[in-house]
Amino acid sequence: MHSARYGYLLAGLLLCAPLQALADWQQTETEARGQTVWFNAWGGDPAVNRYLDWVSGEVKQAYGVNLKVVHIADAADAVKRIRTEARAGRSRGGSVDLLWVNGENFRALKQNNLLLTGWAEQLPNWRYVDTRLPVREDFSVPTDGAESPWGTARLTFIARRRQTPQPPQDPQALLAYAAAHPGSVTYPRPPDFTATAFLEQLLLNLTREPGALGQAPQAGSFSRVTAPLWDYLDKLHPLLWRQGRDFPASPAKMDSMLTAGTLRLSLSFNPLHAVQKAASGDLPADSYGFGFREGMIGNVHFVTIPANARAAAGARVVANFLLSPEAQRRKADPAAWGDPTVLDRRRVPSGWPQAAADESVPTLAEPHAAWVDALEQEWLRRYGSR
């Protein structure tokens, strides 16, 4: 099976790519064979971990790359390690070869010139990528070929049909829902990634100056731009689980509270989360995802290669495999992971399954990456000590 897939790849390259690009990629694969790639990836979901175990087996058999997945709780931990190595003068032989990174951490690495650039669009499987998606910027920061996309995401509420046949469609409806069901609504505690995304979502919906969110927050306007958010949270918090004096540590904890009946809503940054978790039995069978009528913030998630990576060739081979139709199709299957594809369905082989996520919910661009830290710090100042 693997030799046939490899032959298919080479045939496609001969038709679609210059001979020099083909020779360069063959050299990359030759260099990668036998390398060990240390892939630092979020390990907070068993479905994600199982998928990456499958990827490890595939790249070993097809390309001779030994993929070692380092399960991390927060990409910021890996970023600190990369920066520490750079300060120590470790320009080669770094401990991280491939990193699943979010926009905030990508910005920090890119600003400090700690990433390889210009490689992502040279991957053979880039030809399948849907370039209508924001694959050339991450939280408003140009990627400059330093990141390869491998999935899409959108903030999504999770509810149960039996409890919530008509979900709230905007922030004011959510406030009314919380008032009608006091103690059964909440969100994770920042700086959890999904919690901060929830704050950004509300800010995007509520601020009277949405244009300010496309650039880094300004000291002179931050209070004015964010005032509607804090006014809203001041009204919402007394209605929340434990009156907003405590918050679940993670979306996974919210899922378990939804299953137990403690909560009526959970949160995810994957629009297929409810389908996948209901199929696996981790959420009730009548669970479903929904979003606000005007849209929910979303993004593309990427992998990146540190400038001091020990196995840069192997990392590129793994990133290319993650973009293959085979890997993307499996990843999008709710029975495997349920993470939506970054590929253009018009370019992939026939027989690609239809999307399982609700595509009627528009995807809104996230604010500039600098808003993450600014919102988290202000939230902690206002609510963190309660």
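1. For the residue classes used below, Ala, Val, Leu, Ile, Met, Phe, Trp, Tyr, Cys and Pro count as nonpolar, Asp, Glu, Lys and Arg as charged, and the others, Gly among them, as polar. By these classes, the lining of the largest cavity has 10 nonpolar residues, 2 polar residues and no charged ones. The model is a predicted one.

2. A search of the whole structure for cavities of 30 Å³ or more returns 1. The space in the largest cavity comes to about 60 Å³. Its lining is made up of Phe157, Leu174, Val185, Thr186, Tyr187, Phe198, Leu236, Leu240, Met254, Leu265, Ser266 and Leu267. Thr186 and Ser266 are among these lining residues, and the class count for the lining includes no charged residue.

3. Contact between the two involves 18 residues of domain 1 and 16 residues of domain 2.

4. The space in the largest pocket is about 1200 Å³.

5. The lining of the largest pocket consists of 48 residues. Those that lie nearest the centre of the pocket are Trp42, Asp192, Phe193, Thr194 and Phe269. By class, this lining has 22 nonpolar, 14 polar and 12 charged residues. Which helix gives the most to the lining of the largest pocket? The answer is α7, with 5 residues.

6. Helix α7 (residues 193-206) also packs against helix α13 (residues 370-383), at an angle of about 95° and with the axes 10 Å apart. That angle makes α7 roughly perpendicular to α13. On the α7 side the contact is made by Thr196, Leu199, Glu200 and Leu203, and on the α13 side by Trp371, Val372, Leu375, Glu376 and Trp379. The residues of this contact divide into 6 nonpolar, 1 polar and 2 charged.

7. By class, the residues of the contact of α4 with α5 are 6 nonpolar, 1 polar and 1 charged.

8. Two points of backbone geometry deserve a check by eye. Most residues other than glycine have a negative phi, and most peptide bonds are trans. In this model, the peptide bond from proline 190 to proline 191 is cis, with omega near 15°. Proline 191 is located in the loop between α6 (171-180) and α7. Asparagine 113 has a phi near 55°, which is a positive value in a residue other than glycine. Asparagine 113 belongs to the loop between α5 (103-111) and β4 (137-138).

Methods:
Residues are numbered from 1 along each chain as its sequence is written. This is a predicted model: local features need pLDDT of at least 70, side-chain atom pairs count only at pLDDT 80 or more; totals for chains, interfaces and linings use all residues. Side-chain values use heavy atoms; hydrogens and water are left out. Axes are lines fitted to C-alpha atoms, for helices over the stretch in contact, and angles run from 0 to 180 degrees between N-to-C directions. Helices (H or I, at least four residues) and strands (E, at least two) are DSSP runs, numbered from the N terminus. Angles under 35 degrees count as roughly parallel, over 145 as roughly antiparallel, 65 to 115 as roughly perpendicular and the rest as oblique. Contact means heavy atoms within 4.5 Å. On a 1 Å grid over the protein atoms alone, a cavity is a set of points where a 1.4 Å probe fits but cannot get out, and a pocket is an open set with protein on both sides within 12 Å along at least five of seven lines; lining residues have an atom within 4 Å of a point. Grid points are joined across faces, edges and corners, and a volume is the space filled by probe spheres set on the points.
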